[in-house]
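Try each task before reading its solution.

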Amino acid sequence: MVAIVARYARWLHTRWPAGTVEPLPEVREDGTTNVPGVYVAGDLTGIPLLKFSLDTGAKAVERIAADLASRPGGAGATRADDPPTLDLVIVGAGVAGMAAALEAKGRGLSYAILEATEPFSTLVNFPKRKPIYTYPKAMRPAGQLRVTADLKESLLDELRAQTNAAGIRPRPVRAERIERKGDALLVHVADGAPLCARRVLVAIGRSGNFRMLGVPGEDLEKVSNRLHDPKDFAGKEVLVVGGGDSALEASIALAQSGARVTISYRKPGFARPKPENVEMLEALRRDPMAPITLEHPTSERVTTAAGPFLGGTHPPGRVTLRLGTQVKAIEPERVLLTGAGGQEEALPNDAVFTMIGREAPLEFFRRSGIRIAGEMRPGAWVAMGAFLLFCAWLYNWKSGGSMSALFQARGWFPFTLPAMLASAGGEIAAAAADPRTLLGTLAISAAGPSFWYTLAYSLIVVIFGVRRIRRRKTPYVTAQTISLMCVQVLPLFLLPEVILPLLGTHGLLPKGIADALFPAVTYGHGREYWRAYGLILAWPLNVYNIFTHEPLWWWIGIGFLQTCVLIPLGIYFFGKGVYCGWICSCGALAETFGDTHRHKMPHGPKWNRLNMAGQGVLAIAILLLVMRVVGWILPDGNWADAIFDPVLKTHYKWVVDVFLAGVVGYGVYFWYSGRFWCRFFCPLAALMHVYARFSRFAIVSEKKKCISCNVCTSVCHQGIDVMSFANKGVPMQDPECVRCSACVQSCPTGVLTFGQVDRGGRTIALDLLPASPVQMREGAASSTRS
Ligand SMILES: Cc1cc2nc3c(=O)[nH]c(=O)nc-3n(C[C@H](O)[C@H](O)[C@H](O)COP(=O)(O)OP(=O)(O)OC[C@H]3O[C@@H](n4cnc5c(N)ncnc54)[C@H](O)[C@@H]3O)c2cc1C
Ligand code: SF4
Ligand code: SF4
């Protein structure tokens, strides 16, 4: 049984890549952070490309200058401070810091720029004659600093020429941390007195710290995390630790130079490196003399190109794989590896390269009190706990629980609304008492909590939907958001609360249809108009039109059509997002209100396993359906009712609809993104994942444009590792995708496009609605040129 479930889980969810996202400081769209006066620019704002770094550096100073000018004293105002307070201190003299310095100088701000190693050090460390890609081609960054060169050396020449001409002189000192003191900021440096500033711009790039193995012997001289000259290792026993591009490129360069390389990687296979690197490695393993060339290593840690082994004083090198192993210890003449089963192996060894990734320079931010995205501090846990409690109260009140009963018993709003309107007297009281008027209809609908909940929900979707359209600016997002707003406001609010009751009281609803869809009751509007939610919310997201005492045949027909015909058909062509991203009310809130929280969805293999939780909820819904049908069929179905009603009304409703969808789904919104319920627990999504495994929908990618920046993965609020598909040029077909378009829209080089593929993965159609601003700009630029 366990094996069957494991195979099913693999078929559905765990087969997909599950790379994680590098933590970065929490930076708002305008470059500000949680520490007042501290801004961040460059790579650390998310997109690791030269033009974006220039752009964010110059724009941050534009904002800082405007901000300072609007305060008493203004920018550059002379003060008799001791030590003198500068308008701005810029930390880091990379492209972002230098663009900021030029802008500060041009705007007459008093500033200092600090550099720990040497100006443009990241570019200085690029491999010799590295080609430079200045994506996006049509982008003109803000500010004065320009990049046009296509080789590392000429890039450095042009940048140095521009900054020297402008007289920018970085101070050679490492900044240690920032401290807020009253209105000013102190920048503590490694040697010397702190600098005092009114604003600080942090532009220290991502190079950060290389990750450590944390094993004995790691501090030996033979252990390194960069490869400069592979020829030094000819004829030597070398261990390379890691499974990414850095590890593979280092191994290829070393083996081609005559080293005997062993690769130790903790996983059983390579998942993330570029396929061409894996192919080159395999070719070398088959034939150490293979005519392959690693002309342009993409890893910043492998600074030398390598070509086929040309012979010399040593025999050719070789590569051996030790997948599924971990380094236990490094000794002067050997290394100890441990296998997955705990067995140990000692290998002779002359040198070790640890290529196991690097961490953004987060310690600087932590020391300065700047929040790291996704890091839960005690304050965040307390805030989330308090919000969960509020959601527990809200959903109890809205769903007819004890809070609702309390409000009713005490005669609190909204239960008192009809009485309040009646006491107003005159025409208002008369209209409120007549259910054929709009006010009379509202007096009945609005006398319960769910009306106010749905009204607030719809308003939030519309307000934040308009903001999303303005923020994202693509035809895709505009059309999708309008669809979500319309569905929420019309069939999911106005139809059951206002339109149907008014039609009913005016006799405009044919009796046959009304009886079939909205059975008569003795309270409220006299009919169950709330069942109209079922026109949009399909079984098993909404179970209440199907799990009825007597079968409601029309709803059973509608439900069957939705769940078994229309949704699978839509998914076949357009993916699960056809419903989750364009129609569903949970999706509507997540795409609008949750638009700025998408990056908070956790990624990684453990979370991908939790995707299976929805299958459990779906299994329970199916079991209940079977019980319900049996109850209808058997001559005396009371036994089924006796079990079914308590299970549905007491357990399923409160556990699934109220607790999982309401309290948990919305309670973690600001900390784990708006799609927590959709991704992990929704039973309809769980069913749609199965349909989606047979879909033609895919996000196709133009592999050669992908710079492996991981932006697409980081913005996916379904936790999908989009980059692992994009940088291999493989169509993304993870069934979790809700077609939100965040990855397509955010990709800085326009790699991704919504489309359809055949069974062989060949593209057969592309979406007509543009979703990538880069592709839109490039399309416009090429049509202008032609
Ligand atoms: C191997 C490689 C290849 C690339 N190829 C391309 C390409 O072809 N095209 C492209 O557009 N982009 C490319 N990039 C990305 C590009 O280099 C970055 O986007 C850009 O350098 C980021 O600029 P930045 O100013 O944010 O950071 P950086 O350029 O990294 O500059 C940060 C500076 O801050 C300094 N610093 C760090 N900590 C401190 C401290 N505590 N105190 C003082 N100073 C500090 C550092 O020494 C450094 O000089 C590549 C990057 C790498 C690594
Ligand atoms: S469109 Fe992209 S970001 Fe959105 S869910 Fe799909 S893969 Fe994730
Ligand atoms: S596809 Fe993803 S990893 Fe590749 S460039 Fe675009 S955002 Fe970056």
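**Exercise 1.** This is a predicted model. Locate L123 among the helices, decide whether L123 is buried or exposed, and list what L123 touches.

*Solution.* 
- Step 1: start with the secondary structure. Helix α4 covers residues 121–124, and L123 is found there.
- Step 2: check the accessibility. L123 has a relative accessibility of 5%, and the cut-off for buried is under 20%, so L123 counts as buried.
- Step 3: collect the neighbours. Leaving out residues up to four places away in sequence, L123 touches L50, V95, K152, L155, L156 and L159.
- Step 4: take V95 from that list. Between L123 and V95 there are 28 residues in sequence and 8.9 Å in space, C-alpha to C-alpha.

**Exercise 2.** Find the strand that holds Y39, then work out whether Y39 is buried or exposed and which residues are in contact with Y39.

*Solution.* 
- Step 1: Y39 belongs to strand β1, residues 38–40.
- Step 2: the relative accessible area of Y39 is 6%, and buried means under 20%, so Y39 is buried.
- Step 3: setting aside neighbours within four places in sequence, the contacts of Y39 include D30, G31 and T32, together with A60, R63, I64 and D67. R199, V200, L201 and V202 are also in contact with Y39.
- Step 4: Y39 and H599 are 560 residues apart in sequence, and their C-alpha atoms lie 20 Å apart in space.

**Exercise 3.** Describe the surroundings of H597: which loop holds H597, and which side chain makes a polar contact with that of H597?

*Solution.* 
- Step 1: the loop runs between α19 (585–592) and α20 (605–610), and H597 lies in it.
- Step 2: H597 counts as buried, because its relative accessibility is 12% and the limit is under 20%.
- Step 3: the polar partner is K600, whose side chain is 2.8 Å from the side chain of H597 in this contact.
- Step 4: beyond four places in sequence, H597 touches Y669, F670 and S673.

**Exercise 4.** Characterise how α17 packs with α25: what are the angle and the distance between their axes?

*Solution.* 
- Step 1: α17 (residues 553–574) and α25 (residues 683–692) pack at about 55 degrees, with axes 10 Å apart.
- Step 2: this angle makes α17 oblique to α25.
- Step 3: the crossing of α17 past α25 is right-handed.
- Step 4: α17 contributes T563, C564, I567, P568 and I571 to the contact, and α25 contributes L684, L687, M688, Y691 and A692.
- Step 5: sorted by type, the residues of this contact are nine nonpolar, one polar and no charged.

How values were computed: Residues numbered from 1 in each chain as written. Chains lettered and ligands numbered in written order. Predicted model: local features only at pLDDT ≥ 70, side-chain atom pairs only at ≥ 80, totals over all residues. Heavy atoms only, no water. Helix = DSSP H or I, 4+ residues; strand = E, 2+ residues; numbered from the N terminus. Buried < 20%, exposed > 50% of the residue type's maximum accessible area, 1.4 Å probe, protein only. Contact = heavy atoms within 4.5 Å. Polar contact = N/O pair within 3.5 Å; in protein donor to acceptor, adjacent residues only side chain to side chain. Axes fitted to C-alpha atoms, helices over the stretch in contact; angles between N-to-C directions. Parallel < 35°, antiparallel > 145°, perpendicular 65-115°, else oblique. Left-handed = near helix turned anticlockwise from the far one by under 90°. Nonpolar A, V, L, I, M, F, W, Y, C, P; charged D, E, K, R; others polar.
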